[in-house]
Amino acid sequence: MNRPSASRSRSRPSRPPASRTASFAPSLRRRNTSASIQSHDHDDPEAASNAVADAAIASEIAEIKRYEDFTTIDWVQDAARESLRRKARRKALATRQHSAGAGGRVFLGRGRGTWRRKIAAAYDAGQAWIVVTLVGAAIGLNAAVLNIVTEWLSDVKLGRCETAFYLNESFCCWGAEAGCPEWKRWSTVWPVNYVLYMLFAGAFAATAATLVKSFAPYAAGSGISEMKCIIAGFVMKGFLGATTLFIKSIGLPLAIASGLSVGKEGPSVHYAVCTGNVISRFFDKYRRNAAKTREILSASAAAGVGVAFGSPIGGVLFSLEEMCNHFPLKTMWRSYFCALVATAVLAAMNPFRTGQLVMFQVKYDRSWHFFEILFYLVIGVFGGLYGAFVIKWNLKMQVFRKKYLSAYPITEAVVLAVVTAVICYPNMFLRIDMTESMEILFQECEGGHDYDQLCDRDQRWHMILSLFLAFTLRTLLVIISFGCKVPAGIFVPSMAIGAAFGRMVGILVEALHESFPASAFFSACLPDEPCITPGTYAFLGAAAALSGIMHITVSVVVIMFEITGALTYILPTMIVVGVTKAVSERFGHGGIADRMIYLNGYPFLDNKEEHTFGVPVSAVMSSAIACLPASGWSVRQLEKTMSENAFQGYPVVEDLTSKTLLGYIGRTELRYALDKARTDAHASATSTIAFAPPSSDAHIDLSKFVDPTPLTVHPRLPLETVMELFKKMGPRAILIEYRGRLTGLVTVKDCLKYQFKVEAQGNGGHGGGIGEDERMEGLFNVVKHVAMSVDSVWQKSLSVIGMQRRGAVRLSSSPVVPRTPARRDEAEPFVIEDDGEELEDRGRPGSR
């Protein structure tokens, strides 16, 4: 653990105590208390100026570090820098107060500038609420606009409004009692509508994929897994930028309207967090402090879920349960306020003109019976099995996509959209938008809520068959669609699948009750009232599927409660979600977002996981590390060492023989110090460097850039404890020392590599061996053969009518380019290859 300086002096009694005290001066300055600052600032203006200079250097280094891509934030150093800034501000303020008191200056004739200081202090304290309010309002406004645009694009595939082309079907037919003459299909001929439906789907998908590929590759996918890593401290430059926000907001309605089996709730969280990041950068307090930025990102994630489901409290719980590994009470309160503002703005915009925040919001006025718990258990088991099945096969599809389809993102999206349109158009539950289908399936049969004879008892078995085909085909389409290079989520598709299955179960239970009304099993039913409500089964099925795919529990219950407002269905929802969670855990820990993190190789330690390895940290640590001696090296030697590796930091030792640990210096700090020495001190390549206070003025003193108290542990400390240190404290690296001597260094990547190795040995590998590679190769050959056959037939058809294409691109002319390993000087997440299955970084342009 952190070692006091006295222990080091005891281990080296021959070392002069004066140099020891001087070398630890920065640490001692950092540990000054506020009381001592207030008591001595006005007597020591030089110390105040030094503190301000140190804070300026720390801010300048932090500004440089913001642009380091694919690195991890050292939360310990970030907290130390923020403490230094606060101390500098207090010292500067005390100095100004002392000077004002001595000179007799006043502000507006009273209080010697008291009101000005109070206003500045109030603004500094209230910046968080200003940022949270602006972020929430922007998220709510964006969500309302995207809801309106998405509904219009989805309806344009089916027809048009003759009175106003910009109205969707519901607004065009607003108030119509019988029929809607204003809304017209594109044609009276059914095949023409079918073809136009496919053309619109392909055009929307092509536009979305082209925008993503050309302008913002990070806008593809859901973004949940990457945001979890970013909030935990992983830097991905541009993932939360303004360009990504703009393209995500444009591409998301196009991807949803294309009919792909993807949802908008996951991307809603992404554009919400992008909004929080972009707005917070206008405030200096958040631009320079990663810890405070993390609070805004956590609050933005809560607001994103709040506007996606119309569930502000559920959004806060989702951010706590799924997104953040550090969620103090202050962050929860700001998340609540941000979700409240975003939901209020969305409600004020009223995009559906019904007072509902989401289309599938519904109210139930009937209660449930205890005999229905048996069927609720069936729905819960389905949710767990669905989640395990989709996660397993979608991950295999992701590996196949990275290996064979990464060079054809636009073609893949268009083909998927057209195939989905061909399959879905004949089915009435697949043809419409998934949120609209959930609204239909959640409704009770009483009150005139009927859709294509869904509540007709004579069409009951036809409805059961249609629902069975709907959830089966939708499951397969979700597996192959989620992960393509368009903005795509998996929340709503999973909920739609669960709703279809639940409604099917509800219809079966209703038919069973009508067949045996006098059975003792149904004795709780009243004779003159409807006993079974199939819509509630659809609602519970949606909750089960969402819980099964994401492995979340409490937030799902609250979200579903806020959607329905039915307090009586809290207990059934808890039962269903609990069973789903139990079944899901039998097939593996972590939802699809956690599995995507591991598949992509991001350095992320999940605080929800517990491990028992039974090995000390010395079994994982890196022993061959580059160290820097405290003195004696020249600038040329130091630059040579930095050019030979890409380490993010270097331990500083007394000499390379004894390796007595003195401190740790980051690569960015070292590069900044060298550049500053060249500029200010005119250092040459032969100038000697000292990382401790030098004994001669000829040395370049870099001691103030060295952290003299790095986090250190004993080699025999259990690995589980070291992993807890990474989770709770968030250091970039932990040094291993034994009796003052440096023996190794361990990072999050080292821990994850060992964890994957142990899990692979325990599970017999990931199942990605030679046989699976051969199957993927065979599948790709089949796909390529079909594509070439279609291309050949298409070209022959064009040649017959005299429209031969020029410059046609054949699939066979673009061979699969093998991945080349990244250069060692590139800072990238680790890559794990196990049994032929490659876990790489999906965020890099080369992996797309």
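I began with Glu-724, which is partly exposed because its relative accessible area is 32%; here buried means under 20% relative accessible area, exposed over 50% and partly exposed in between (1.4 Å probe, protein chains only). I note that this is a predicted model, in which local features need pLDDT of at least 70 and side-chain atom pairs count only at pLDDT 80 or more, while totals for chains, interfaces and linings use all residues. Residues are numbered from 1 along each chain as its sequence is written, and side-chain values use heavy atoms, with hydrogens and water left out.

I then looked up the partner of Glu-724, and found a salt bridge to Lys-727 at 3.7 Å, N to O (a side-chain nitrogen of Lys or Arg within 4 Å of a carboxyl oxygen of Asp or Glu). Both residues lie in helix α29 (residues 719-729), three residues apart, about one turn of the helix; helices (H or I, at least four residues) and strands (E, at least two) are DSSP runs, numbered from the N terminus. Lys-727 counts as buried, at 12% relative accessibility.

I searched the whole structure and noted 14 salt bridges. One of them joins Lys-330 and Glu-295 at 3.3 Å, N to O; Lys-330 lies in helix α16 (residues 329-349) and Glu-295 in helix α14 (residues 290-309), so the pair ties together parts that are 35 residues apart in sequence.
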